[in-house]
Amino acid sequence: MSGDTTGPPVPGTETRPVARPESVANPFSGLLVALERTLSRALARTLTSVINPYQSAVIRIGYAATWLFFLLREFPHRDELYGPNAPWSWDLAHHLIIGNDAFTVLTWTRSGAWFQFVYVLAILSAASLLVGWRTRTSSVLFMVTVLSLQNRSVFEGDGGDNVIHLMAIYLVLTRCGQVWSLDSHRRARLAARAAAADSRTDPGADPGAAAGPAAAPRDVVGIVLWAIAGAALVASTVTGGLGWGWGLILWGLWAVHALWWLAGRYTPGEPRRVLDIFGNLIHNGALLVIMVQVILIYATAGWYKIQGSRWQDGTALYYPLHLDDFTPWPALSHFMASHGLMVMIISYGTVIVQVAFPFTVFNRRLKNCLLVLMIIEHVSIAIVLGLPFFSLAMITSDAVFLPTNFLRWLGDRITRQIAAWRGTDPAGGALPARAPAPRPSPEAAPTNLVG
Amino acid sequence: MQPPGEPEESAPRSVGDGQDGGARDETANESAGTDADTAGNGGVDAPSAPDPGGGGGEAPDAPAAHEAPDASGDGDVGDAPRFVPDGYGSATSGLSPASRTAVALGVGVVALAVAFHLLMVFLEVAPSNTLTKKESKTLCRYINPEFEQNWKLFAPDPLQQNIHVWARAQVSQPGGGTKTTAWVDLTGRDIAKIRHDVAPSHVNQNELRRAWGYFTDSNPQASTNSVPTTMDGVLSQEYIERIVENRFGQHYAGGTLKQIQVRSGTTNVPLPNWTNANNQPSTPSAPSFTTMPWWPVNQQLTVPQQYRSCS
């Protein structure tokens with residue numbers, strides 16, 4: 001940009017036959033500095049902030065809600081799906097799992113009571129992840145129960161289950177409870193109380209990135225949860241249920257929780273800050289993985305469709321609308337299928353959107369347009385093809401790309417609506433979303449990773 | 001082979017045979033690019049950061065001095081104050097050399113882990129290629145069973161036939177003698193339950209459909225009375241048997257279940273009416289049946305050999 005040091009050519013010096021364009025600025029000058037600056041800043045942001053806290057909260061809520069609704073819907077069928085005497089019996093599952101090492105606590109024992117306990121635990125963990133109560137613990141329990149149930153009966157699942165399966169793992173690594181969670185409320189409340197109680201300690205060093213450590217009262221619930229988790233881990237390790245791989249992971253997570261608590265309580269200075277940096281780093285890495293995973297889902301779906309002759313001739317949509325398993329409303333499906341032009345437009349539109357999406361992610365406007373289209377399409381799939389859980393999981397996946405200001409606006413609207421129903425003042429302290437008290441400055445800015 | 005409906009989570013992985021390798025590679029590069037932006041550079045920056053013995057606090061954040069709120073987030077406006085983070089040095093400033101080393105190492109490890117995971121996931125969804133053939137074992141072991149990917153939603157082509165699983169039974173009657181019951185369209189029963197349900201159950205939508213897919217994939221010769229020899233063959237046949245037993249019950253049609261027989265009835269979805277000249281709705285063809293041999297119920301499950309996936 002500023003590499004142009006030579007002046008304009010002096011009139012008398014054009015003795016050289018071919019003027020070499022030496023005066024053109026080197027486009028690469030300053031590139032390294034710019035690159036280094038960009039990388040350095042990106043890295044700093046990766047270490048010091050939770051990128052996309054609202055998107056993370058939305059996907060936490062979305063996936064947890066999807067799984068919760070699914071578990072409740074299947075409650076009458078739970079034994080047939082995952083119980084010890086399911087058609088996919090305990091023995092069948094056991095044989096398959098010996099071969100592929102999938103993680104499930106349900107093959108530890110044939111006990112029916114154990115299965116019922118795990119199913120109820122799955123419901124509870126989904127509910128607590130949904131509301132963001134003890135998000136870190138809930139997310140681990142959520143992963144454990146999702147994997148346990150799904151791996152117990154792999155042949156009962158579909159694409160929606162596959163999405164939940166992957167995201168349950170990724171969510172454990174994200175700080176998805178920073179906003180719109182009971183945890184963030186508690187943190188805000190504690191911070192407010194601490195600030196009101198005394199101003200002699202300086203909480204400004206790290207205003208409530210997690211529970212304001214120095215000022216926090218004894219966290220009995222947290223300690224109890226941690227102790228129960230420890231006891232469960234001991235039990236499952238001694239009984240030999242937990243293999244070494246998953247044992248390492250779960251014990252590791254448990255140890256990290258202890259480390260986090262200890263650092264917060266006894267060494268609020270540097271160790272606490274380093275842990276926070278690691279938390280951010282891992283969150284941001286996991287969020288990137290989630291985003292790329294979603295992009296790969298669409299890319300795969302799109303690129304493979306392009307090769308299909310039915311998608312090429314624009315009749316593809318007609319066929320699912322005539323598949324018995326996916327036509328809960330046959331009259332509606334057959335009506336749609338009978339309009340050739342509409343079938344073609346939707347078939348082509350689907351392929352175009354899916355193929356294009358990965359490339360539009362870097363353009364805010366285009367991306368948002370496509371997101372609207374994809375969400376509309378998934379709502380339609382939910383109804384027309386009778387795949388509500390799959391669709392909800394995919395809409396949640398889309399939401400990771402929604403713009404922050406939209407999400408905050410939506411959250412605000414919902415909060416006010418709830419407040420209106422409850423007849424409370426939305427400005428009242430105890431309400432969600434209005435008080436994203438933790439780390440106000442970074443979150444006030446649009447911290448979308450991809451615009 | 002291509003099961004109907006939405007992406008499947010089948011245990012036997014199906015490898016795509018596409019010719020779209022080139023285009024998909026571009027997708028990967030895009031993703032890898034983003035990756036490098038946020039995390040990947042950690043590997044580059046990290047070594048310079050720790051500077052263990054060196055003098056205190058000279059953070060390598062010279063570039064940060066040149067910091068202006070340049071609209072790097074093209075068009076990413078809307079919220080009031082723009083947060084402009086400082087460079088890497090500021091993120092770790094004030095930390096002891098040991099902490100800074102730990103952070104730098106952490107950045108490197110996370111960056112590598114993210115890059116490796118995304119590479120594996122990409123290779124898994126990519127068509128079979130030079131790299132996946134070379135590293136198939138590593139890839140399979142990493143992806144299965146927890147990171148499985150099956151996103152071929154109605155792709156490359158949607159299924160164009162309805163497959164119904166039918167079953168009948170031979171029951172021993174209380175007074176002695178046996179009776180063969182009539183064929184029952186089990187899939188038809190499921191479909192009746194799916195109808196007008198806003199949230200169909202997996203039991204009705206997936207169970208039989210996917211079990212049949214698993215069975216036919218694992219037992220291509222099933223209808224010719226061959227006994228399954230592979231583990232998947234045995235497991236999937238047992239699965240179908242158990243589904244039928246579950247649907248019929250041990251006491252069925254006034255007797256006790258002795259043997260069952262299943263068949264599949266395949267009906268092609270009629271061609272769209274706008275594709276034929278006179279615009280007449282074409283009628284569905286009669287189902288073509290494939291009938292399996294009789295299977296005795298409640299047999300001891302003997303699994304041939306314990307196989308390990310990805311070996």
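What percentage of the 311 residues of chain B count as buried? The figure is 47%, where buried means under 20% relative accessible area, exposed over 50%, and partly exposed in between (1.4 Å probe, protein chains only). Before going further, keep in mind that this is a predicted model, in which local features need pLDDT of at least 70, side-chain atom pairs count only at pLDDT 80 or more, and totals for chains, interfaces and linings use all residues. Residues are numbered from 1 along each chain as its sequence is written, chains are lettered from A and ligands numbered from 1 in the order in which they are written, and side-chain values use heavy atoms, with hydrogens and water left out.

Let's stay with chain B for a moment. Chain B has 10 helices and 7 strands; helices (H or I, at least four residues) and strands (E, at least two) are DSSP runs, numbered from the N terminus. Contact means heavy atoms within 4.5 Å, and among contacts in chain B between residues at least 6 apart in sequence, 69% join residues at least 24 apart. The accessible surface of this chain comes to about 14600 Å², with 55% belonging to carbon and sulfur atoms; such areas come from the Shrake-Rupley method with a 1.4 Å probe, and for residues only the protein chains shown count as cover.

Now look at the backbone. Most residues other than glycine have a negative phi, and most peptide bonds are trans. In chain B, a cis peptide bond joins N144(B) and P145(B), with omega about 0°. P145(B) sits in the loop between α6 (136-143) and β1 (161-172) of chain B. The bond from A155(B) to P156(B) is also cis, with omega near -5°, and P156(B) lies in the loop between α6 and β1 of chain B.

Chain A has residues with positive phi. N52(A), in the loop between α1 (31-48) and α2 (53-73) of chain A, has phi near 55°, and N52(A) counts as buried because its relative accessibility is 1%. W180(A) has phi near 50° and is found in the loop between α7 (159-172) and α8 (182-197) of chain A. W180(A) has a relative accessible area of 15%, so W180(A) is buried.

What about the nonpolar residues? A nonpolar core is a set of buried Ala, Val, Leu, Ile, Met, Phe, Trp, Tyr and Cys residues joined through side-chain atoms within 4.5 Å. The largest one has 122 residues, and those touching the most other members are L47(A), W67(A), F142(A), L149(A), L250(A), F357(A) and F401(A). Its largest share, 16 residues, comes from helix α11 (residues 270-306) of chain A. A second, separate core of 35 residues includes L208(B), A222(B), M292(B) and W295(B).

Take F142(A) as an example: leaving aside neighbours within four places in sequence, its contacts include Y63(A), W67(A), L129(A) and A168(A). S139(A) is in helix α6 (residues 135-152) of chain A. Not counting residues up to four places away in sequence, S139(A) touches L129(A), L171(A) and V172(A). With a relative accessible area of 1%, S139(A) is buried.

Finally, find helix α15 (residues 364-384) and helix α16 (residues 388-399) of chain A, which pack at an angle of about 170° with their axes 8 Å apart. Axes are lines fitted to C-alpha atoms, for helices over the stretch in contact, and angles run from 0 to 180 degrees between N-to-C directions. That angle makes α15(A) roughly antiparallel to α16(A), because angles over 145 degrees count as roughly antiparallel, under 35 as roughly parallel, 65 to 115 as roughly perpendicular and the rest as oblique.
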